[in-house]
Amino acid sequence: MRAAVTGGGPGGLYAAALLARRGHEVTLWERNAPHDTFGFGVVLSDETLGGIESADPEVYAALSAGFVRWDDIDIVHRGRLLTSGGHGFAALGRRRLLEVLHARCAGLGVDLRLRREAPDPAALAASYDLVVAADGVHSATRGALAEHLRPTVATGRCRYIWLAADFALDAFRFEIAETEHGVMQLHGYPYAADSSTVIVEMREEVWHAAGFDLCDETESAARCAKIFGEALRGRALRGNRSAWTAFRTVVCERWSHGNTVLLGDAAHTAHFSIGSGTKLAVEDALALADAVTATPGDVPAALAAYEEARRPAVASTQRAAAASMRWFEELAGYTGQPARQFAFNLLTRSRRVTHDNLRLRDARFTHAVERDFGCPDGATPPMFTPYRLRGLTLRNRVVVSPMDVYSAMDGVPGDFHLVHLGSRALGGAGLVMTEMVCVSPSGRITPGCAGLYTDGQAGAWRRIVDFVHGSAPGTALGVQLGHSGRKGSTKVMWEGIDEPLPEDNWPVAAASPLPYKPGLNQTPHALTVPELASIRDEFTAAAVRAAACGFDLLELHCAHGYLLSGFLSPLTNRRDDAYGGTLEGRLRFPLEVFDAVRAVWPEDRPMTVRISATDWADGGTTEQDAVAIAAAFAAHGADAIDVSTGQVVADERPEYGRSYQTPYADRIRNALGVPVIAVGAISSWDDVNSLLLAGRADLCALARPHLYDPHWTLHAAADQGYEGAAAPWPAPYRAGSRKPPTGRT
């Protein structure tokens, strides 16, 4: 084939070399000179290097000769240096990388058209069989094909600048400077025997306050060298056409159109704090060359195969990079942590390095973090340490999250609830939560929802509480009280979630007359002030019954678009009275309900509140709103905030991924110092341990893992070799406390 490549960065050059090596005629355009480059050093993983070695041993050999390798990460926190080892990095100069790739392309006959602008994308597509657009984050090709590729570009909240120091740092170094203007951070690593990359980053408002917006390259380098003088050992910093910029995260719905395909930063970007930009581009080039070879002569099929092969890895990397970028954007909220916890938090910020993984890399460092956390003997995982809420001491940090099972008859929980909650209680969790228990018939979501508005319902709940306390001693049982609001009178989940009943619907009510799904769900009645008082009384009556049942904890459900959540969100509360408008007004009714329930709930028993910390929709609850909502409930006596997200409006756009909701709990905990329960795609005991040790959560709630395995907590203990009091096996089950041997595979 005749292939055109636009962009002479590492990704474009390597794609050109691989295609030429496989017999294709390749022309590459690059507007800059051969040695022009932005930035200084490049970090590549062993995985990427293995792919290069397999695809082109000559390039691998040339690169390997120039690598600087090291294992340690140094973190400087308020003057204290902490080192974690066993990480394994390899880096070299970006200029050297380009030299190797230029030489390889020239040797393979690639037509290198340097210092020349590439032709128009449409002209290239008409003249060549394959067009590879590796023209970077500001890709002209992506812009020209935006209608087909549908890119989005999100700008971060920090400014950063790439600089260099003329000496080799001993390790990958993170250093925090708490200045009069705000927090600044240095990311640095060696890339040659006498050179290091240094990136200085800070929030936009700090950048302005410090006056960096008025500094040129030379002055910026000098000021950064002064701020981080200890890390640099008094040496200067230099630039290379360096400028302060904000990171742009590029995501495209499609990577190709016709015979044109995006590669590297043109298709996707990942924040530099996880060192993946060049890595992703090189791996894209490898995958593209493989796809072209596997489907000779069929370019559309090759491009589809390339995208299918690369999307999962890229999406995973972008999620990790987004988590890392947000962590540094919120850095000021973590600087007050103890030094080792801060270091652990930094190391695990992207969720790619976890507690268990870090223990393999550096057991000594990890054990020191565990000791600081309160793991008593070096053999107790963090998740099996106790936690106290008011008069209740939980034996471990695992919570069975509230899960609606829609199996009640006239609001009465039956045998299914007994088995469902009882089996999870026997399964070892410190706290087991009921589903949302409704405070009135009209406050049900579905006809199958459980309630606490009759004495008969209370008697059925008492049976379940007695079983848990009698058969699973030490397990706490919590009740979650709520009202469906505008999301009521719908089918059970497996028959059509949020769809109205085919018959026998009951009227629904809410803060404002806005249906959940216009044209499908009922338009709710806007509650009057007397009606609000009646609903408040329904909550208190249910709380009195819950206390008499013997529940250990009560949670007020103010999330997921149900009644109280509907008052909190500006998307669902359009009232113009004292219960709407400002956040203070929107909080008024939920706080009135909380105060009324707290007044009748036993003083020694804790109360928590579940909130949706974001609506995942424009104009909804902001990060600042979520912190303010949590602060208001804490000020009124909430013992912990259970931090969920979304389900408030039907057109939400959640950013799903592993532990995707936990950053919201993290933000509230570290902004306010209040206990939080983290929830949201937490799937492994390693995730739980990591969140706790990093100070991102106090308790972790898991739902689906407990549906898959009612004894998830006990099995987590067995997997970690823990046999202590925080995870006792019921006497009839003790014979099964060790994982059965498996057959050979």
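Select E99 and R96: their side chains meet in a salt bridge, 3.5 Å from N to O. Here a salt bridge is a side-chain nitrogen of Lys or Arg within 4 Å of a carboxyl oxygen of Asp or Glu. This is a predicted model, in which local features need pLDDT of at least 70 and side-chain atom pairs count only at pLDDT 80 or more, while totals for chains, interfaces and linings use all residues. Residues are numbered from 1 along each chain as its sequence is written, and side-chain values use heavy atoms, with hydrogens and water left out.

E99 and R96 are three residues apart in helix α4 (residues 94-107), so about one helical turn separates them. Helices (H or I, at least four residues) and strands (E, at least two) are DSSP runs, numbered from the N terminus. E99 is partly exposed at 30% relative accessibility, and R96 is also partly exposed, at 38%. In these terms buried means under 20% relative accessible area, exposed means over 50%, and partly exposed is in between (1.4 Å probe, protein chains only).

**Salt bridges between helices**

Next, select R310 and E283, whose side chains form a salt bridge of 3.6 Å, N to O. R310 belongs to helix α11 (residues 299-329) and E283 to helix α10 (residues 277-294), so the pair ties together parts that are 27 residues apart in sequence. R310 is buried at 7% relative accessibility, and E283 is buried at 12%.

Move to D415 and R463, where the closest N and O atoms of the salt bridge are 3.0 Å apart. This pair links distant parts of the chain, with D415 in helix α15 (residues 415-426) and R463 in helix α16 (residues 455-471), 48 residues apart. D415 is exposed, with a relative accessible area of 51%, whereas R463 is partly exposed at 40%.

Then select R157, E329, E330, E623 and R667 together; salt bridges that share partners join them into one network. A search of the whole structure finds 42 salt bridges. Side chains of opposite charge can pair when their charged atoms come close.

**A buried Asp with no salt bridge**

Select D709, in the loop between α24 (704-708) and α25 (712-719). D709 is buried yet has no salt bridge, and the nearest side chain of opposite charge, R424, is 7.8 Å away. For this count Lys and Arg are positive and Asp and Glu negative, with His and the chain ends not counted. What does the side chain of D709 reach? Show the backbone nitrogen of H711, which lies 2.9 Å from that side chain. A polar contact is a pair of N or O atoms within 3.5 Å; within protein, one must be able to donate a hydrogen and the other to accept it, and residues adjacent in sequence count only if both atoms are side-chain atoms.

**H483 and its surroundings**

Select H483, in the loop between β21 (476-482) and α17. H483 is buried, with a relative accessible area of 4%. The side chain of H483 reaches the backbone nitrogen of G485 at 3.0 Å. Leaving aside neighbours within four places in sequence, H483 is in contact (heavy atoms within 4.5 Å) with several residues, including M436, S440, I535, E538 and Y562.

Y406 is in the loop between β19 (398-400) and α15, and is buried at 12% relative accessible area. Leaving aside neighbours within four places in sequence, the contacts of Y406 include E435, C449, M493 and W494.

I497 lies in the loop between α17 (493-496) and β22 (509-510), and is partly exposed at 48%.

**Positive phi**

R351, a residue other than glycine, has a positive phi near 70°; R351 sits in the loop between α12 (339-347) and α13 (355-361) and is buried at 15% relative accessible area. A681, also not glycine, has a positive phi near 60°. A681 is in the loop between β27 (676-679) and α23 (685-693), and is partly exposed at 39%.
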